[in-house]
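Have a look at the chain below, and then we can walk through some of its features together.

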Amino acid sequence: MTDPDDELITRAWRLQESGWNLHSRGHYSEAAAELKRGLSLVNWDPTVPPRRGEPAARVTSRLLISLALTEFYLGGTNRELKLLEYAEEFVIPEDKGRLYNQRGMILVRRSRVEEALDCFLAAEPLLEEYGPEWLYAGLFLNRAGALHDLSRHQEALNDASRARDLLEQQGNDLHVAKAVHLTAMIRGELGYYTEALALFERVRPVYAELAPELLFELNGNYQGMLIRVGMVREALSISRTLIRENQGSEKKSLIAGNLQTGANAALAAQDFETARKWAKKAQEMRSQQAYEPAMIAAQLTVLRCDLEMGNLRAGMANEIEILYEKMRKWRWAISLDTTRVLAARAALQEGDVNRSSRLLSQPMCDVFQNVNARFETFLALAELAGAQREDPIPHLQEGLDFLAEHRSKYGSIEFQAGVSMVGQKLADFGLEVVADRGEAKAILAWTERVRAQNLQVPPTQNDTDPAVRDQMAQLRRARNDLWDAQLNSQPVDEVAQRVADLESKLRSSAWQQAGPGHVAEETTPDQIKALAAEGNATVISYFEYRGKLAAIVVSGEDIQWTTLTDLAEVEELARQVNADLDALASDFLPTPLRGSVTNSLQSNVARLADSVLTPLDEHVGTESVVIVPTRALNWVPWGMMPQLVDRPVTVAPSASVWWRCTRQNSPGGRVLLASGPALREVHEEFAAVARCYDDPDILTGEDATPEAILSAMDGAAVAHLAAHGQHEPDNVLFSRLNFHDGPLMAYDLDSLDTAPTEVILSACELGRSTVDVGDETLGFTAALLHAGTSTVIASLTRVPEQLSADMMSAYHRGRAAGLPPAKALAEAGKGHPWHPFICFGRG
């Protein structure tokens, strides 16, 4: 190597600084080009290295140290470690800490984490003595990452905290955010999901301002946390966006990470083909990067997809166990338990019961309790018990007990519902076991154990944060702006995006809320049976069983069950009924077509009734009926069924919800009547309803704002809300009623200290709900029940105003005369056989 002159050395230093800055911002190709130009200027030749102390030696070592890490991020092989070996021959003590730190970072990604920790240990005193300060602080952040990979979580959190303290002293906001980011990942993996999500949101604005490219990684980690709580649809949507936006990026490691997280989301959503495709691609990319831990993670996802799709091949269990042993050798504990359980399940499917038993008898990793691994262990133990002709139910019950405790940690009703996905296989397996045994009481107990569990968790208030209240006000204004733009045929893209952004922020705030830590006591079959006897009611609880629709019938005398018909046939009939209802709700349907649709509705309702009710006729009494629908029957207008016309019918998400609503105290209180805009007949309706009560509160016109209505609803006995509204199946917390100054949303309801005992929604479709996972119900009606309302009267479709006015007048007269809600609605519906109103909760 020939000696360059001073000017060339100065230029080389500038290129070193420029290259490192580019590397820090993730521009690795540009960084590598700058660093290589610097090496060219100093005539770098590995066969003739400079001697320590020569003018060009220090800049050459620094260029090599920087280039080593940059080439690794570009997907290099072991060449980057060789670059560090070259530099070590002539690096001075002042820069040796840098070299050891970079070597440690590369070794972490080569799965040589113990060696990496030795490097960080060697670097610590050197960086403390010689600096720079930012790298000394960064060392603790890097070491925290290595300790995290070994699942030494407390040590990792300690180092991340130390890094954050040092970086805050230095005013390094970006790296402080990185320390918080790592802390969030660790806390999330320990099961503190709401805390982790809150920390992610602290990081987001810093990245957005100082390093937008880091948002891709943050979103990927955020998405992984959503998968853990069952928010699979949201996570999968983020995956598709990230994968699309990162196509062609030079950040191969980031692309592979996005693919892997997307594969996990697709796997959770049971889209096995997509999950396998993405995981396979991630595996190939990780192989090129020689990043073995991530390559194995992708390989395991491929194997899991094969197992779920039934693509079992000889030796699969052995293949998975080899990976498990390799991971155990590395002490890579994050996925250790899930890999062992996967090997056990594969062995069981191969018929190797002894191997499965041996794997499952090993204790879980004592340094890290992975929540998902716990659920998978319960499932595998249940499957093993079945193979050994033992009772699998105790393992499944233990899993569901753990699930209930886990669910109670969340304040968000979406998370409470979504987390059920984690235990869905436990629920399905248990239901098949008890149904195969044929004991009706046991089947009822099991179905109640696994449906509408989000409504078992007491609500937590969501409006205490002033920032949240401000966002709610902004959302109402944005919704009003969107409504005005739509009415006036103006462009809506900008305001629609503003609405979406605000809804996203509010959902995120709700997701960060901690839950109450407890759930309601379970309701037993005997309690349900006793209440049926007391109210002379019949409870029909539907469930899905081996591709069939089945029903449990509870009367005061007995509990029985039967299978009914093919589930697919019922789903199609229910879809046709809903299509007819939607068509009839239109104000612009020509008279001849309206007659045709009415005939279609009548025919489809009769066919549906023949499938789901006629086989039960001999078991159903002549008085009130309580319907607990399953997903396929979620939007069925039960009051239109020939057997149920003019009879008191109540619909509840579960029999337990019906029991609790019925047993709920009904204290007295004021009556509220509130109306939204664009209702022609509301004055007639309100005049008739008001005559049924003493001095009701009436809010109309400009007085009927969401804030005023919520205030009046708090502690009310009855709240009658007449307003146009909309169920949002893809964003259920923002299902809404439209009032002056903006909408009142399902999201608002948990802000009530005391929800109204009875709520009537007389002019909208908010009787609809979404069932995303199992039989977990979400929507405006479910939000009212969750908030503490015991009875909701609502429609499955939009309602003609005159029909609403007539029926609501009659309904309130019945209630004032002492009729219970379902009976009052049945009486009000006489003469209106095709009305879409339903009584939810307490009948």
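## A buried serine

A polar atom in the side chain of Ser795 sits 2.5 Å from the backbone oxygen of Thr797. That is a polar contact, meaning a pair of N or O atoms within 3.5 Å; within protein, one must be able to donate a hydrogen and the other to accept it, and residues adjacent in sequence count only if both atoms are side-chain atoms. Ser795 belongs to strand 15, which covers residues 791-795. Is Ser795 buried or exposed? Ser795 counts as buried because its relative accessibility is 0%. Here buried means under 20% relative accessible area, exposed means over 50%, and partly exposed is in between, with a 1.4 Å probe and protein chains only.

## How to read the model

This is a predicted model, in which local features need pLDDT of at least 70 and side-chain atom pairs count only at pLDDT 80 or more, while totals for chains, interfaces and linings use all residues. Residues are numbered from 1 along each chain as its sequence is written, and side-chain values use heavy atoms, with hydrogens and water left out.

## The chain as a whole

The protein chain has 34 helices and 16 strands. Its radius of gyration is 31 Å, close to the 28 Å that the globule rule gives for 843 residues, so the chain is as compact as a globular protein of that length. That radius is taken over C-alpha atoms, and the globule rule is 2.2 Å times the number of residues to the power 0.38. Helices (H or I, at least four residues) and strands (E, at least two) are DSSP runs, numbered from the N terminus.

Along the principal axes, the C-alpha trace spans about 100 × 65 × 50 Å. Of the 843 residues, 59% count as buried. Among contacts between residues at least 6 apart in sequence, 72% join residues at least 24 apart; contact means heavy atoms within 4.5 Å.

## The second largest pocket

The second largest pocket has a volume of about 890 Å³, and 22 residues line it. Nearest its centre are Tyr222, Ile238, Ala500, Ser504 and Lys505. On a 1 Å grid over the protein atoms alone, a pocket is an open set of points where a 1.4 Å probe fits, with protein on both sides within 12 Å along at least five of seven lines, and lining residues have an atom within 4 Å of a point. Grid points are joined across faces, edges and corners, and the volume is the space filled by probe spheres set on the points.

Which helix gives the most to this lining? Helix 25 does, with nine residues. Helix 10 (193-210), helix 11 (215-228), helix 12 (232-245) and helix 25 (493-511) each supply at least two residues. By class, the lining has six nonpolar, seven polar and nine charged residues. Ala, Val, Leu, Ile, Met, Phe, Trp, Tyr, Cys and Pro count as nonpolar, Asp, Glu, Lys and Arg as charged, and the others, Gly among them, as polar.

Most residues other than glycine have a negative phi, and most peptide bonds are trans. Gly131 and Pro132 are joined by a cis peptide bond, with omega about 0 degrees. Pro132 is in the loop between helix 6 (113-130) and helix 7 (133-149).

Gln270 is not a glycine, yet it has a positive phi of about 65 degrees. Gln270 lies in the loop between helix 13 (252-268) and helix 14 (272-289) and counts as exposed, at 55% relative accessibility. Asn536, also not a glycine, has a positive phi of about 50 degrees; its place is the loop between helix 26 (525-534) and strand 1 (537-545).

## Partners across the sequence

Gly556 is in the loop between strand 2 (548-554) and strand 3 (559-566), and is partly exposed at 30%. Beyond neighbours within four places in sequence, Gly556 is in contact with Lys529, Ala532, Ala533 and Ala537.

Arg842 comes in the segment after strand 16 (837-841) and is buried, with a relative accessible area of 12%. Its contacts outside four places in sequence include Thr650, Trp658, Thr757 and Arg815. Arg842 and Arg663 are 179 residues apart along the chain, while their C-alpha atoms are separated by 8.6 Å.
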